[in-house]
Each structure stands twice: as structure tokens, then as C-alpha cells.
Protein chains: 4
Amino acid sequence: MKLNVSATLTYGFGSATQVIAAIEAARSPDQTILSEELRIWPDTALIRDEDGATGERRFRAAFSGQVQITYRALIDNGERTLLPRDARQHDWSELPQDVLPYLLPSRFSPSDEFMRFAQREFRTVPTGGARVLAVLDWLHTHLDYVHGVSHAMTTAEQTFIDRAGVCRDFSHLGIALTRALNIPARAVSAYALDLDPPDFHAVYEIYLDGRWWLVDPTRLAPVEGMVRIASGRDAADIAFLTSEYNCQCLNQVITVTRADADAGQQAA
Amino acid sequence: MKLNVSATLTYGFGSATQVIAAIEAARSPDQTILSEELRIWPDTALIRDEDGATGERRFRAAFSGQVQITYRALIDNGERTLLPRDARQHDWSELPQDVLPYLLPSRFSPSDEFMRFAQREFRTVPTGGARVLAVLDWLHTHLDYVHGVSHAMTTAEQTFIDRAGVCRDFSHLGIALTRALNIPARAVSAYALDLDPPDFHAVYEIYLDGRWWLVDPTRLAPVEGMVRIASGRDAADIAFLTSEYNCQCLNQVITVTRADADAGQQAA
Amino acid sequence: MKLNVSATLTYGFGSATQVIAAIEAARSPDQTILSEELRIWPDTALIRDEDGATGERRFRAAFSGQVQITYRALIDNGERTLLPRDARQHDWSELPQDVLPYLLPSRFSPSDEFMRFAQREFRTVPTGGARVLAVLDWLHTHLDYVHGVSHAMTTAEQTFIDRAGVCRDFSHLGIALTRALNIPARAVSAYALDLDPPDFHAVYEIYLDGRWWLVDPTRLAPVEGMVRIASGRDAADIAFLTSEYNCQCLNQVITVTRADADAGQQAA
Amino acid sequence: MKLNVSATLTYGFGSATQVIAAIEAARSPDQTILSEELRIWPDTALIRDEDGATGERRFRAAFSGQVQITYRALIDNGERTLLPRDARQHDWSELPQDVLPYLLPSRFSPSDEFMRFAQREFRTVPTGGARVLAVLDWLHTHLDYVHGVSHAMTTAEQTFIDRAGVCRDFSHLGIALTRALNIPARAVSAYALDLDPPDFHAVYEIYLDGRWWLVDPTRLAPVEGMVRIASGRDAADIAFLTSEYNCQCLNQVITVTRADADAGQQAA
């Protein structure tokens, strides 16, 4: 699917503030960047980072005053296939070395706390794809999508008790439960077609059958219409803006639209 | 310094249990492995992992019943220089890309929770080496080394309240406070000369002046006598044994002795 | 039912330590103390407290060195009737003033954290007795009775995540969920017939239909065979020993046996 | 000091909601209510509660739609004497029975978590008034009065880490530390002269030398100008409005002014 994505972000910084931003689409094997443009106003020197293994990109800068970041891109995200129920779960011995860290607990997805619950709840479900789907069903049944219950420090433990949160919280709990079942899981930030209201989206990927599969625990947007930005252990790693000090988000406009023939037909 | 290290670990596993072990000395640039031997009894197939960037090694296996792991090595850990007070703190823009994750909060070192405290407590101390040393002084003054207060799930937040813990807890809080000051910090497992009683040791490294520096927040063993095993965001990454299910540690014997001329003179 | 209860408790105190003990059976309207004896060795001055409203008794003392407390009593606990499913839930306006505090969150039963979960899980169950029984069923289905998972600081939140604990943990979570449903609940310590192994037992009471009803969330002992000791908001209020500093429990022997005719027939 | 207090509170309730309100000045021995008036609009049936021991008053009601509560009173709060540094600390054996619960941990003031810190920090300070004042000095030095850091679920543990909060948070941590030093402490809600901006105030009382002493850990208002409303273990007990479901505070206006001769002279 070809997708136009754009993000216009306006921030206010009190004084010179170091930031790391992850807003560009990843140059990952599953998507092709046909064209793109990143603009910062006022013009600021950037350090550009690209992860050789994942194609994920971040930039570093020191911002002060009011800053506007604009990113526009045309991306072909290929054909995302949905996780099959019979996707095979690997023994640890079969996993690529760089996948192993995604078995471990992290800041917002402390999977070690959920070992007993995950075993209790999902042990009768066949391993692999069926278990991952069972976790997604559990999240859908047991969590409400509600703004205002969670905040930037909310962990999967709190969401498990609150039974409510936003995309980030759904993902954190899903990741924690999946890791507690010995299946690697990582957080992913994305641009998402049909997300209403449009926003950065937080989803996750699980590793089965020799590859990563993208899933959306909120069921708010189709996996087929997602453009991957960054991946990591949880939200701490994939924030679209990590800043040294607090800064103020003054405005944020995200749009994702289809750019191919089907898009025109839809509109007809 | 040349050091003989040995670890004999005996575990009981209920049923076939997947494990990841990190007990071999790292082939990191700061230390040379002159000879070594790893034995598993009963003989078990191992997957060996080595991180190309850090030279750290882990092995994976599936164990059942009673298993004994023996590791012996002769290592030259070179000359570890102590962190100088004037070591320069980098702007984020100057850091190597692979150092950036160590600025972020992690499972047991949620540095985001300590931003305000760290600024309050250390803002008047010059940046760089002096701040790192001020954190170490703070830990020494405000924490008691006590067994039984903490456990495997204890985070830096709890240690900050408890004001007591073991090496792992000292390191977790030290790492959290250092990151909250915008200085990269990572957890390190080590064999340590003169640690009494002998055990695996948990210390940490901070990144200043273009390199990592090893520090021991417990002040229980000299940095010069440490052999690095593994590094990571916190204890979750560097456990000497990560196992799929609970297992029982039946026996553990660690020894570290000097192997060079000075050692003989000491004994004379 | 007539019951013989006895407790022999031996503690070691490092230095003179203030304690508050709650080990005597309550002189509550639902049970009659036929005879009893409390002995402290070595002999120590006691302050005796009795709550006029509940008949619950505590004693205060300053202990040092090794101390043995022995309590023996013959009690008629009347006929404890089991909570009926149709017991009516009161509006707040109907509750006695002294019952109101048991609607509020407490140290180990932070019911405010469970409002959303409790409403989600139990809103379709009729109010009153049926809801309380539904909570008890939920606890029975979702928690495992396991030693070693919890400790003296474990709250209902942690037990909700762990899905395991001992009688105290079952009660804390049950109390939190019940209060989150707007039903008063309080923790009760008790001597319990048929508890295996014999120990102090932690259960709870809920207020419906104009009275308190005793329930055992662990289902390990019959409510009919319980002798009430103390009640309060949670374990913090009803500890059998609250001490100023840590003390060591050297030995603890509890026995509860039937003293009436039926007891003889059982043994025959 | 004679004080006019008034509170006008407007709430919106979605559906019939049970509430408990604590907004009337206490009829406690240390203050005399010269005149007062409580009005609810629209007129609603109230259950009035008064605690015989403390003179504290609450009312219960079921509200729906928009409700305005107005309370006006003229109160003589006598002469509040400030806690003397040499106020004597009691042994537990000397405390009145009804003071004992204020030694125990509660929902927002889990003093059991702070035993080690409190001993470490304050053991060299003489017991009694000096220790309580040392805790107040510690709070003043180590906490910032900042809105937006804490919320309705924030406990003393989080405030201890955050090092910031509002009056309620200062009190919760102060109460926790004081109880951890074996001194009874209870939360108190109050109307406070000179509080800017005017609001309900959260302070606390400690029990020394045979009586309760009022202290303000925020140092934002003079103790002499406070009118006590309710007391309890922590904010859970003394909320000015406890409601069965969430309600919306639409408007709140509090005023406290001097009503005696001095007031006129001040204004001249």
C-alpha cells in the first residue's frame, strides 16, 4: 500500500534543550521510502542516526525557543501479512541473537511480574500464534480505551489494575504478557491509516516463525496501513521526542492517506 | 593485573528449562583472556553467542535435573584507570549512537522517576566526573549494605526509600541517578578480587570523555581487580542465569585470585 | 460451637522493645469467653486495652530478651450463619456511622485503585450478598494459595498481579474489591478450627443487611469454627504483634479443637 | 482568633451519587462555633454525623445533577500554641487507646516503608518535639511546593521520590516519617487564614506531651489562623467530598477572614 504521511510538530523549549527525535519512517526491509522531506524551523544542525540492522532513524539536536518540525513522506509499506494462528513459537536456542533482549523485562513492560498470571491464563492455549492472539483477545476484552487514566510514567502493572489506557498502555501490557510467555515482543511506533483522531500510534511486534509480526492491541487501525517508525523495548526507546528537560507541545498535526489507485476508488 | 577466576555453579531444574547464561569473561578491549575452560555436567549442547561490538559472551541451553557449570579462566584485565574528577561530560550530540540507549530508563533503573531529585541534589556540582563521583558519595552516605532487605524484583525506587540493599541495588540506584543527570550509565557484572564473601559482583559503568569508566558503588572491591562479564541496561540484561522457569541454586563457589608476580609477593 | 484455643508464642527481642499484641479472643456479641488465661514469661507489666464498641482486646508491653506468651481459652462462638446470597446492600445513608470507615481505601487494601476493575467485573451481578459471593468466587478462581510469593509489605495491588499469596493476601484483595463495590469490608484475625497447618488466620467481614458477616476467602477453614480476635482496616490494624523494632519469632504453636459433645463423636 | 469562613462548592453529578462531605468546622475542644449555616441547593435530605469523641462532623446525601453546597461560619479557634521543641514523646504504654491507630501505616502514609530512612535520618535528634520539628525542617528543605506533579492517588513513597507536591503530599510524607519515629500523627483538613490562593488546606497533628499539636508542613499559612474540619489517618479519611462515582467540581470558592478587632486594625 502506498501512503502519504505527514507530521507537523510545534514545540516550545525554555532554554537550549538536547533532544532525540524518532519521527522518520524506518528504512526497514518491509517498507520502501519513495520520497521524503524533513524540515526544521528555525534551521538547526542535526545529527542523523541510522541503525544499520533495522533501518530505523533518529535525529539529535539542541533546540531553544519555538521550533517546528515537519516531516512528509511517500511510503510503500508493501503487503503486511497478518499473524497466522499457527505461527510457530521458537525455543530460545533458535532465536537470532539480536532478538534475545526482547524476551526480557523493561521499564514499562516488566514481564517478570506477570509470569504467574500469563501461565495461569494462557497455558491451555497452543503455543505460538494462537497464544499471541489469545493475549490480544484478552486485552480487547479486559481493557477500555480511555484517555486520562494513564500518564507518561504508567507501567503495564498499573494498566493491568486500571483496566484502561491508550495505545501505549495496551501495547505495554501486551508486550509484558507476551514476553512472560517466552515469546519475544518489542514496541513499535507507527503512522497509521484510519486512526481517528490521527496521532502517532503505539503498537507492537512479536517474533514467531522466523520473523517479526506487527499487531495492534487497540484494534483501532488496520495493520496493513501502518508505516513503521522505530522499535525498542517499550515507549522509553521509541518516544517521538526524548528531551533533556520538559518541553511544551504547542501543536501536533499528523495525517496519513492512501496514495495509490485504490485510494481514488475509495473516494469515488 | 593477571587474575585467575573460577565459578562452580550447581542448579536443580524441575523439567527441561531453557536458560541463558552470562558467566564467561568478556572479550572486551580492556581485558585479555589468556586461557579459559567452560564445562557443563552432564554434557549439554550449547548455543554460543558473542556480541561483536562488546565481546560479551552468553550461552544458551536447555537444562533438566541437576546441572553443574564450571568456568575457569586466566585473564589479564590490563590497567583499569580510575574515573578522574574532571572527566568531561558529553552533549548528547557527541555520543556514539550505541551509547544513547544508556541514557534511557530501564526496568530496575527508572531514571525518569529521579529527574527532579537528581537535579535538586547535584545541580551545584560541576558536570562530568565530579557529578558521577558525587552520586557515588551520595550512595555511600545514604545506603547501607544489608542482605535481606531487597529481592529479585527490587527497583531503584524501592532502594531509594529503603536506604539499604546489596551490590545490585546500589548499582541500580546509581545508574538511575546518573542517567537522570544526562550521563550514560550501564550495569556490569564482574568477577571481583577481594570481594568478601566471594560472589558475582554488580557494578556499573558511566560514559565520559569518550569512554566507559567502571565504578563500584559499594566500595567493596577495587576496580583494578575486576574482570568484566556482561553489560546491559540493568540486572535484567546481565543476570548470570536467566531461566524460563524458576530453578534452584544448589551451590555456588566463586574464586578470584591474583596470578602475577605481585600476587606472590603479597603472599610472601 | 465450643472451642479450645491455645497459642504459645516465643519471641526474641534485641533490646527493650515496645509491642502491641492482639491474641486474645474478642468479647464480641457473637462469641462468649467461658474461661481464659494469658501468661507472659518472664512476668512483664501489661497495659490492657478493650474496645468498648467491639469487645476487642490488645495488650501493650515493653519486652526484652526472650519472651514467651501463652494464651488459652474456652470459647463458645455461638452459631455463625453463612452469608446469604440475597443479603441486602445498604445505601451509604443507611449505614451506622462507625461502619463508614470500612468503605475507604487502606494501606494494604487500596480499594480506590480497583474501582474500574470491580465495576467491569461485577456490575452484572446483583448487589448485596450475591456480589460479595461473586468476589469470593473470583478470588478462589484467580488466586493460588502459595507461600513465599508475598511478604509483610505486599498490598492487594501486588496480589492482583501475582495471582498468589496466603490468607492475608487473599483477604486484602477481597476487602479492596468489596469496598470498590461500595460495600463495607474489614479485616479480621481469627483462631480457626481445621486450619492445616494451624496458624493465626486472616479473614474478613462484610456489612450487609444490618450486620457484619464473616467470610474466609481461602476456603481453608469453616466459618463456623472461627474465633474472632481483632478487626480493623487491614493487616496493619490486626497484627497479632506490632513491635517498635524488628523482633524474631522463635516459635509459634497454635491449636484449636472442639470442646463440645460433637467433638467426641467426631473422634469416635 | 475569630474567623469568618465560607465555602461555596458547585458539583456536577451524572446520576444519583452517594456522597460523604466533611466541610463543617469541627466542634472540637480547641475551637468554638459562634454561628454557622449550611445550605444545599437544590434542597436535599442529609444524614448528619458527629463523632462524639472529636466533635467532627460529616453529612451524607445522594446528589444528582448540579448541586451547590454553601457553608458559612463564625468561629473562635482560641489560641493555638505552637509545638515546643521540648514536647515530650510518650512510650506506647502511656498513649490513650484511641491514639494508638495513628502509629500505624495507612493508605497514603505507609510509615512501615520509611522505618529505616527515618531512623537513619533522625536518630541523632532528641526524641519528642525536636524530632517532629526536624521532620518539618526536612520536608521544607527537600520538597518543592509544585502543582501538577502529584494526583489523587499519590502516596508518600512517590512524593519522597518526586521531591515535590502540594499540601496533601507534604502532609502524607510528614505523617509517614513521624509515625516511622514512633510518634502518633494524623491528617487534618482545615480552613486556613492567609492561604494564597484560598483553598481547603491539608495539614497534620502529632501527639506529644499528652495532646495533639497542629503543624503545617508547607509553611504556607499560620497555625494560629486555622479552623479544623476533620481528622483521620490520611487524605482518604478527610476528603471534603467522598463520592461513590466520579463527579465534576464546577466551582469552588473558599474565603477565610479575621472577624475580631485586630482584623479591623490590620485593614486600617
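Q: How many bridges join strand β8 of chain D to β9(D)?
A: Keep in mind that we're looking at a predicted model. Strand β8 covers residues 201-208 of chain D, and β8(D) and β9(D) run antiparallel. One spot to look at is Tyr204(D), which stands opposite Val215(D) in β9(D). The number of bridges joining the two strands is 5.

Q: What is the order of the strands in the open sheet of chain D?
A: The sheet has 4 strands, and the pairing is antiparallel. Going from one strand to the next, the twist averages 40 degrees. Reading across the sheet, the order is β9-β8-β7-β10.

Q: Which strands of chain D stand at the edges, each with a single partner strand?
A: Picture walking across the order β9-β8-β7-β10 in chain D. A strand at the edge has a single partner, so one side of it is left without a neighbour in the sheet. The strands in that spot are β9 (211-215) and β10 (226-232) of chain D.

Q: Which strands of the sheet does α4(D) touch?
A: Now for a helix: α4(D) packs on the sheet. Its direction makes about 15 degrees with that of β8(D). The strands touched by α4(D) are β7 (185-192) and β8 of chain D.

Q: At roughly what angle do the axes of helix α2 and helix α4 of chain D cross?
A: Two packed helices are described by the angle between their axes and the distance between the axes. Here α2 (residues 129-142) and α4 (residues 167-180) of chain D have axes that come within 10 Å. The crossing of α2(D) and α4(D) is right-handed. The angle is roughly 140 degrees.

Q: How many residues in the contact of α2(D) with α4(D) are nonpolar, polar and charged?
A: On the α2(D) side you'll find Val132(D), Val135(D), Leu136(D) and Leu139(D). They meet Phe170(D), Leu173(D), Gly174(D), Leu177(D) and Thr178(D) in α4(D). Sorted by class, that's 7 nonpolar, 2 polar and no charged.

Q: Which element gives the most to the side of chain D that touches chain B?
A: The contact takes 11 residues from chain D and 11 residues from chain B. On the chain D side, the elements giving two or more residues are α1 (115-122) and α3 (156-162). By class, this side has 5 nonpolar, no polar and 6 charged residues. The one that gives the most, with 4 residues, is α3(D).

Q: What feature does UniProt place at residues 159-219 of chain A?
A: Over this stretch the chain is 30% helix and 38% strand. Its end C-alpha atoms are 17 Å apart. The UniProt entry, an unreviewed one, gives the feature as "domain: Transglutaminase-like".

Technical notes
Residues are numbered from 1 along each chain as its sequence is written. Chains are lettered from A and ligands numbered from 1 in the order in which they are written. This is a predicted model: local features need pLDDT of at least 70, side-chain atom pairs count only at pLDDT 80 or more; totals for chains, interfaces and linings use all residues. UniProt positions are given in the numbering used here, feature names are shortened, and annotations may be inferred rather than shown by experiment. Axes are lines fitted to C-alpha atoms, for helices over the stretch in contact, and angles run from 0 to 180 degrees between N-to-C directions. A crossing is left-handed if the near helix is turned anticlockwise from the far one by less than a right angle, and right-handed if clockwise. Two residues are in contact if their C-beta atoms, placed from the backbone, lie within 7 Å. Ala, Val, Leu, Ile, Met, Phe, Trp, Tyr, Cys and Pro count as nonpolar, Asp, Glu, Lys and Arg as charged, and the others, Gly among them, as polar. Two strands pair if DSSP finds at least two bridges between them.
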